[in-house]
Amino acid sequence: GKSKLSRAMTFTLLESFSDVSVMWVSLEDSKEDILRAYLSHHVYISAKYIKMRKFDKAMIDPMLKRMQRFKAFDVEILDEPIKSNDVVHNFVKFCEKRPDRFNILIVDNMKSLDDKQDFKHNQGDLDDYVLHNMLKCRQKTKGMVLLIHHFNDAQQDRENLKSGYRPVPMDMKGSEGFRRVANQVLLINSFNIYKDLMNEYDGVDKEILKKMFVIDTGKNREDGISDEVALIHFLQDMKYDRFYEIPLPPQQEDDKPQISAREIPF
């Protein structure tokens, strides 16, 4: 759900603010895939069916209007192989042309950047090199840099599942720099991928768990922030890239102050 969540967030920002510009390095999905995801998000037809043109003709007009809306956004999508230093070069130029805008760089995902050809035998050096370039990109542009990255298999280990089904920063693939360099690490967890867990539930409980989606603000885990606040719970509909935030329960008088949550229909 990493790409789907980042798309939902980006679509919401673009819809909500007129001064947002996005350079989208999409190494898993094509430009057409992103456009179809945007249409699906709004017209509730799966991207697969949009691609296959399996939908009612009455939906053509609403889809065309949404397509024009998307084309009006300031979004530049790069879906060809690219190296991290070229990403930096392109985003610097992108921001120079937009000095008064809120500029966002999305890299989906870091492990698919073309630098891997230069570091075939040293994965650690590859990770450090890519992170160095991404940090340089942030320093040069002051833009928002959203890097999408994978976990290793540790969080799916049967024994680890018994301790709460929660990935931790140490589970991130590659160099510890992925944890150190980022201003904020968000760990996402969709419970329906855990077969052992799902088999323990049935009925309504199982249906809810299938749609449960959690964002753990991993870099804050040692900052004294309570788990209740650090974990952001969503009900998701992956089919349409939609995420609905579940508000925190009402605060009791004797509770410590908490960050309020509200329902956000991404």
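Keep in mind that the model is predicted.

Let's start with strand β6, which covers residues 212–217. Is this strand enclosed or open to the outside? All 6 of its 6 residues are buried, so β6 is largely enclosed by the rest of the structure.

Now look at the partners of β6. Strand β5, residues 186–190, runs antiparallel to β6 and is joined to it by 5 bridges. Strand β7, residues 231–237, is also antiparallel to β6, again with 5 bridges.

Next come the nonpolar cores. The largest one has 24 residues, and those that touch the most other members are Met-23, Val-25, Val-87, Phe-91, Leu-105 and Val-107. Which elements each supply at least two residues of this core? They are β1 (20–26), α5 (84–96), β3 (102–108) and α6 (123–141). Helix α5 gives the largest share, 6 residues. Take Phe-91 as an example: setting aside residues up to four places away in sequence, Phe-91 touches Met-23, Asn-103, Ile-104, Leu-105, Cys-137, Thr-141 and Gly-143. There is also a second, separate core of 21 residues, and among them are Phe-11, Leu-14, Ala-37 and Leu-39.

Finally, let's turn to the aromatic rings, which form 11 pairs. A pair of aromatic rings is described by the distance of the centres and the angle of the planes. For Tyr-38 and Phe-70, the centres are 5.0 Å apart and the planes are at 45 degrees, so this pair is tilted. Tyr-38 belongs to helix α2 (residues 31–43) and Phe-70 to helix α4 (residues 60–72), so the pair ties together parts 32 residues apart in sequence. Because buried means under 20% relative accessible area, Tyr-38 counts as buried at 0%, and so does Phe-70 at 8%. Ring pairs also link Tyr-38 and Phe-70 with Phe-11, Trp-24 and Phe-73 into a cluster.

Phe-91 and Phe-94 make another pair: with centres 5.8 Å apart and planes at 20 degrees, the pair is stacked. Both lie in helix α5, 3 residues apart, about one turn of the helix, and both are buried.

Conventions: Residues are numbered from 1 along each chain as its sequence is written. This is a predicted model: local features need pLDDT of at least 70, side-chain atom pairs count only at pLDDT 80 or more; totals for chains, interfaces and linings use all residues. Side-chain values use heavy atoms; hydrogens and water are left out. Buried means under 20% relative accessible area, exposed over 50%, partly exposed in between (1.4 Å probe, protein chains only). Helices (H or I, at least four residues) and strands (E, at least two) are DSSP runs, numbered from the N terminus. Two strands pair if DSSP finds at least two bridges between them. A nonpolar core is a set of buried Ala, Val, Leu, Ile, Met, Phe, Trp, Tyr and Cys residues joined through side-chain atoms within 4.5 Å. Contact means heavy atoms within 4.5 Å. Rings of Phe, Tyr and Trp (its six-membered ring) pair if their centres lie within 6.5 Å; planes under 30 degrees apart count as stacked, over 60 as edge-to-face and the rest as tilted.
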